[in-house]
Amino acid sequence: MTQTITIDPVTRLEGHGKITIMLDSQGQVEDAHFHVTQVRGFEKFSEGRPFYEMPSLMARICGICPVSHLLASAKACEAIMAVRIPHTAAQLRRMLNMAQMVQSHALSFFHLSSPDLLLGMESDPVKRNIFGVAAARPDLGLAGIGLRRFGQHIIELLGTKRIHTGWVVPGGVTEALSAAHRDEILAMLPEAYANVKLALTAYKQIADSFSQEIEVFANFPSNYLGLINEDESIEFTDGALRLIDPTGAIIEDGMTASRFTEVIGEAVENYSYTKFVYYKPLGYPQGSYRVGPLPRLNIVKSMGTPQADKELAEFKQLAKGPIESSFHYHHARLVEALYGVENIERILTDPLILDKHVRATAGVNRLEGGGQIEAPRGTLNHHYKVDENGKITWANLVVATGHNNNAMNRGVLQSARAYVKDGKFTPGALNRVEAVIRAFDPCLSCSTHAFGQMPLVMTMVNADGEVVDQLIR
Amino acid sequence: MRGDDGVGLWLAEWAEQRFADQLGVRVIADHQWTPELAEDVARAQSVLFIDCSLDTAPGSLHLKPVEPAAPGQGINTHHQNAAELLALANELYHSLPSNPQLLTIGAGSIEFGEAFSAAVSAALPEACRLIEETILQMLSAPPPDPAN
């Protein structure tokens with residue numbers, strides 16, 4: 001008798017999703033799917049809009065990572081305008097991107113994943129939340145809030161709003177940085193450093209106790225994609241894409257946004273609205289890969305900042321080649337957060353950072369343009385086509401969750417096979433299957449908002465459609 | 001972009017303008033109530049939360065005291081509600097505002113669109129009056145006794 005277990009919706013993710021686990025007649029896991037069940041339609045309803053409206057329109061996709069969409073969209077628009085933005089504008093955008101990365105990684109680590117990491121996968125689900133963390137480790141609770149505030153406040157200082165700032169525009173930014181705001185950000189740095197280091201120390205103290213999870217949390221050879229600089233250091237806002245294979249060998253390098261659709265394809269599976277992104281020359285699914293903090297650290301040779309470089313060297317000791325277990329996304333996220341703080345400090349010491357020339361202007365000079373950046377959770381690409389009047393005729397967004405879709409599905413199956421036995425599921429097993437997805441920190445669509453509680457329902461259904469077991473929390 | 005879902009933000013921005021010259025009033029207009037707001041809540045003498053609600057009749061207004069949520073109720077962590085923010089403020093900062101209030105306005109439609117429903121649009125003047133009255137009452141309340 002074939003049975004199906006559904007985990008619906010998945011808790012502690014940005015947006016909504018559900019997991020279905022299919023059992024064979026012996027009660028063993030046969031297959032597993034991670035479904036994204038929301039439809040957004042941003043690509044379609046942007047058609048007909050003037051291209052210069054796109055950044056502020058696209059920022060509405062997400063309440064957690066609006067800056068990522070803002071930047072990728074602005075870069076796509078600048079490709080259409082065929083302009084190079086002023087140096088200071090580029091630096092300010094980098095700082096904005098770093099601020100968002102730090103606050104997003106803080107949300108992922110402290111608020112979404114630390115309940116599992118600090119309180120344990122088997123701990124009481126009623127207490128396995130930010131309140132449990134605040135009670136058990138108030139210092140980490142405060143550090144999490146401190147890092148969130150650090151990133152959010154920089155975004156607010158630069159863009160006047162913490163969420164959906166309209167400061168980034170095609171051609172640059174609308175306002176230069178003031179000396180007062182620069183000094184305010186500089187004054188926040190010591191606390192930010194302390195909070196990241198506290199998290200790194202706490203994580204390293206507990207990581208070894210998760211050896212079983214490390215073994216089965218999407219732990220398999222794969223390809224890895226991310227932005228990188230010419231000196232092989234990490235990059236989030238500019239640079240070009242590099243794809244490496246499971247051994248670390250470069251498959252393709254120097255992929256600019258203009259070549260993105262030439263080499264990257266999107267496959268469709270009937271159980272999810274999120275597409276499955278792959279490298280075209282290898283086909284689907286062989287050309288699937290992972291993006292985000294772990295792949296970024298797998299790809300680069302250095303972080304480019306002293307403290308993060310020390311952490312990178314330690315991180316790379318986890319394996320001889322690319323690090324395969326997605327559990328290590330947590331560690332990579334903290335290394336990147338440290339890099340983010342260091343990079344913000346470095347940008348603020350740029351002698352031109354207060355320069356008033358922060359915007360280039362131009363009209364439509366090309367009928368097509370693409371922009372790519374690294375969002376906190378992975379590579380993000382925006383690609384637009386316009387008519388002679390600058391009206392959008394076609395838009396395509398390839399988001400990190402799509403890049404990671406195949407790996408997340410494989411990870412769910414791997415963990416389900418490890419933890420769901422004989423047609424039985426326990427709350428601990430359920431949480432571990434969810435935690436695999438949380439390690440990737442996918443953003444499904446938080447701007448749609450969720451009202452009230454999001455109960456977790458896991459249902460086991462037999463081949464006749466009868467519910468034979470159900471777990472609700 | 002989600003119709004009446006934006007009414008809380010609209011009202012907050014109205015309050016920001018109304019009390020722009022009023023010392024002691026700070027308006028935070030956000031699309032989501034995120035965990036770091038717990039620090040702002042903890043530092044405030046009084047707090048008025050404003051949000052739309054799917055659980056009440058379209059355009060209906062409800063102003064009521066809000067208590068910290070008891071820890072351990074399966075709370076979401078990517079955004080909080082008012083009771084959860086109060087609980088987090090208490091847990092991390094050991095501080096709570098006196099007499100925190102929550103004003104909700106019943107949503108008529110949260111479909112894609114920038115306009116409010118007719119019911120919510122009609123309720124906006126009364127909502128603004130309630131916000132003004134509540135904030136003025138909060139400002140006139142005596143400061144809490146530090147000994148308590």
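# A guided tour of chains A and B

Begin at Met81(A): beyond the residues within four places of it in sequence, Met81(A) is in contact with Pro170(A), Gly171(A), Ala362(A), Gly363(A) and Asn365(A), where contact requires the C-beta atoms of two residues, placed from the backbone, to lie within 7 Å. The model is a predicted one: local features need pLDDT of at least 70, side-chain atom pairs count only at pLDDT 80 or more, and totals for chains, interfaces and linings use all residues. Residues are numbered from 1 along each chain as its sequence is written, while chains are lettered from A and ligands numbered from 1 in the order in which they are written.

**Around Met81(A)**

Met81(A) belongs to helix H3 of chain A; helices (H or I, at least four residues) and strands (E, at least two) are DSSP runs, numbered from the N terminus. Is Met81(A) buried or exposed? Met81(A) counts as buried because it has 22 C-beta neighbours inside 10 Å. The term buried applies when 20 or more other C-beta atoms lie within 10 Å of a residue's own, exposed when there are 12 or fewer, and partly exposed in between, with C-beta atoms placed from the backbone. Draw the C-alpha to C-alpha distance from Met81(A) to Asn365(A): it is 5.0 Å, although the two residues are 284 apart in sequence.

Select Ala82(A) next, in the loop between H3 and helix H4 (87-119) of chain A. Ala82(A) has a phi near 60 degrees, a positive value in a residue other than glycine. With 12 other C-beta atoms within 10 Å, Ala82(A) is exposed.

Two strands pair if DSSP finds at least two bridges between them. Axes here are lines fitted to C-alpha atoms, for helices over the stretch in contact, and angles run from 0 to 180 degrees between N-to-C directions.

Eight bridges join E12(A) to strand E13 (residues 378-386) of chain A in the antiparallel sense. To see one facing pair, pick Gly369(A), which stands opposite Tyr384(A) in E13(A).

**A helix pair**

Select helix H6 (residues 138-159) and helix H7 (residues 179-207) of chain A, which pack at an angle of about 150 degrees with their axes 9 Å apart. H6(A) and H7(A) are therefore roughly antiparallel to each other, a label given to angles over 145 degrees, whereas those under 35 count as roughly parallel, 65 to 115 as roughly perpendicular and the rest as oblique. Among the residues that meet across this pair are Leu147(A), Phe150(A) and Ile154(A) in H6(A) and Ile185(A), Met188(A) and Val196(A) in H7(A).

**A mixed sheet and a covered strand**

Move to the open sheet of four strands in chain A, with the order E8-E7-E6-E11 and mixed pairing. Strand E8 (250-255) and strand E11 (289-290) of chain A each have a single partner strand, so one side of each is left without a neighbour in the sheet. Strand E7 (residues 240-244) of chain A runs antiparallel to E8(A), joined by three bridges. In this pairing, Leu241(A) stands opposite Met255(A) in E8(A).

In a regular strand the side chains alternate between the two faces of the sheet. Strand E10 (residues 276-279) of chain A is covered on both faces: Phe276(A) and Tyr278(A) on one side, and Val277(A) and Tyr279(A) on the other, are all buried. E10(A) pairs with strand E9 (residues 264-267) of chain A in the antiparallel sense over four bridges, and Ile264(A) stands opposite Tyr279(A).

**Two loops of chain A**

In the loop between E10 and E11 of chain A, find Pro285(A). Tyr284(A) and Pro285(A) are joined by a cis peptide bond, with omega about 5 degrees. Then go to Asp441(A), in the loop between helix H15 (427-440) and strand E15 (457-461) of chain A. Asp441(A) is not a glycine, yet has a positive phi of about 55 degrees. Asp441(A) counts as buried, with 28 C-beta neighbours inside 10 Å.

**Chain B**

Finally, select chain B, with four helices and three strands in the sequence pattern α-α-β-β-α-β-α. Buried residues make up 37% of its 148 residues.
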